[in-house]
Amino acid sequence: MCGIFGYIGKRTDSAKIVFDGLKSLEYRGYDSWGVAVLSKSSLKIFTKKAAGKIGNNNVNALPDGNIAIGHTRWATHGGVTDTNSHPHSDCSGNISIIHNGIFENYEDYKKKLVQKGHKFISETDTEVISHLVEDFSKKLTFSDSVKKTFNLMTGLNAIIAVKLIEDRIVAIRNGSPLVVGFGQDENFLASDASALLPFTKDVYFLEDDEMVILERGKVRVSNVKTGKIVRFKKQKLNWNVDQGEMGKYSSFMLKEINEQPKILREIAMSAGKNVEKISKIIKKSRGSYLVGCGSASYAAMAGTYLFSKIAGRHINFAIGSEFGYHLDFLNKDSLVIPISQSGETIDILESMKKAKERGAGIVSLVNVLGSSLYRMSDEKILIGAGPEKSVASTKALTGMIAHLVLLSFSLDGGVKKGKKALLEAANSIKKILSGKDSKNIKKLADIICDSKNIYVIGRGLSYPTALETAMKIKEISYIHAEGLAAGELKHGPLALVTKGTPCIAFLPNDETYGANLAGAMEMKARGGFVIGISFKSHEVFDYYIQVKDVGIATMIPNIVVGQLLAYFLTIKKGLDVDKPRNLAKSVTVK
Ligand code: F6R
């Protein structure tokens, strides 16, 4: 949450470089934005910041300078106003700070600083950082002042600081991600490696408690707790710059939905020794958990069905934010499989730390190379979905499920069957995307777009499919949608179905068909408008969307139907599909 970008180097249009970097990071927070540039000729820091999305704004009015920092905000402390936007300054205006995270104990320091005469203009915790650095700078060097400030802060944070005359950017992280990008006579900082792709593929992911001092031709890293210099190793990013761009599509979500057949094929074709190695680790473990948040938790839940159905193997499932409360019995023989697109979701990282403390092994299923989760895991499977920019997860989620399909088949000794299933799923999605099916889904969106509530039911693998479809609908179209295990309907939720309520039922060609149909009938009998998503039509359906039967992998094309429905509902309502209100991608706060 919150996008950070910094530049120091030979170019003088640093404000523009940072501004463009921010645009590609906006999915991390879009309540407000801001850029500060150090002008040597005027001996002044110039700042432009504003509440709202970046939209058609620009930084043309900012002067030239070789150092600039910028921020996109997801508000925590203080409302969404111009003044609360970052960067924040000290009393003198010579220091500028941007911050990602929560400075939990900021009030204690704010009181003391006010008593000392410091003037605050915002309601943010971040402004306290600027004044602390100002205060310490009276006696200490700039970098030592930043370090001292950071060491006082409790909570998970990343800060970037600049000061007039100092030809450097100082940044420190603990919990919140920061990546250094290395250029020729220039260096960069970003909260997400994908933002660095237009400039460099050579990066270093800062570890917790590491401070970086970025100069034009030099990068120094040290540990803020021990003071020791860190001999870091650069990594090469394996994504291409065009993978992170919208290209011919009108939104990232539409682009990412359309990329899914290709990604599934690539996952199927590249499955090899790593899957077998990981399935051996799973077999050896005694007690294993799949853990994820939001959509990734539905992938994790799907994994429990896949492991059971394909490999006859039990695996537990937990939501990231809850896992920490029931891992007391983990030990060195346990295995935890965290699933995460960003690899930065704090609820996952925190519970993985606890699992590690208890000696459990960590094998992650993660999309971002070098992310915190990637680095803390004993073994990893890279999802291979490429950069995902739309806040609502699409291709990363189906990628997660694809790997779980492969793992399940591999546990059963037949990874080839898994590859075949994924290739069939890819073809089925291609059909849904390219032809009349997509039009059919759009027509459905036109019919139900004014609904207040939508219910989605399924059993077995269609249960996580129903949860995911409801999640996609509510988060981007703002229509209340509830995913349910079909069998639970009569235990309560059926009371909410009235004449015309849209009820989506997933009915794949598996053991759940008959019971799911019964659920659809129960909804119909209460006046529900039943939408059947199935391999064959049925008279109970008021609306029918066909999805070819591709066996156990049918849940993947079914999910894509849900994605498209959510997408068309959102477009019909004239909303921003990529940046839904109140949300941000990469949830780095608790
Ligand atoms: C929903 C969505 C979120 C994420 C969740 C976990 O469309 O995108 O629910 O799935 O925030 O994020 P990662 O996978 O980055 O850990």
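**Exercise 1.** Classify Phe-232 as buried, partly exposed or exposed.

*Solution.* Buried means under 20% relative accessible area, exposed over 50%, and partly exposed in between (1.4 Å probe, protein chains only). Phe-232 has a relative accessible area of 23%, so Phe-232 is partly exposed. This is a predicted model, in which local features need pLDDT of at least 70, side-chain atom pairs count only at pLDDT 80 or more, and totals for chains, interfaces and linings use all residues. Residues are numbered from 1 along each chain as its sequence is written, and side-chain values use heavy atoms, with hydrogens and water left out.

**Exercise 2.** Determine the geometry of the aromatic pair Phe-19 and Trp-33, then that of Phe-182 and Phe-232.

*Solution.* Rings of Phe, Tyr and Trp (its six-membered ring) pair if their centres lie within 6.5 Å; planes under 30 degrees apart count as stacked, over 60 as edge-to-face and the rest as tilted. The whole structure holds 14 aromatic pairs. For Phe-19 and Trp-33, the centres are 5.3 Å apart and the planes make 65°, an edge-to-face pair. Both Phe-19 and Trp-33 are buried. For Phe-182 and Phe-232, the centres are 5.7 Å apart and the planes are at 20°, so this pair is stacked. Phe-182 is buried, with a relative accessible area of 9%.

**Exercise 3.** Identify the ring over which the charged end of Arg-581 sits.

*Solution.* The criterion is NZ of Lys or CZ of Arg within 6 Å of the ring centre and within 35 degrees of the ring normal. The charged end of Arg-581 sits over the ring of Tyr-478, 3.9 Å from its centre. Lys-110 lies over the face of Phe-120, at 5.0 Å from the ring centre.
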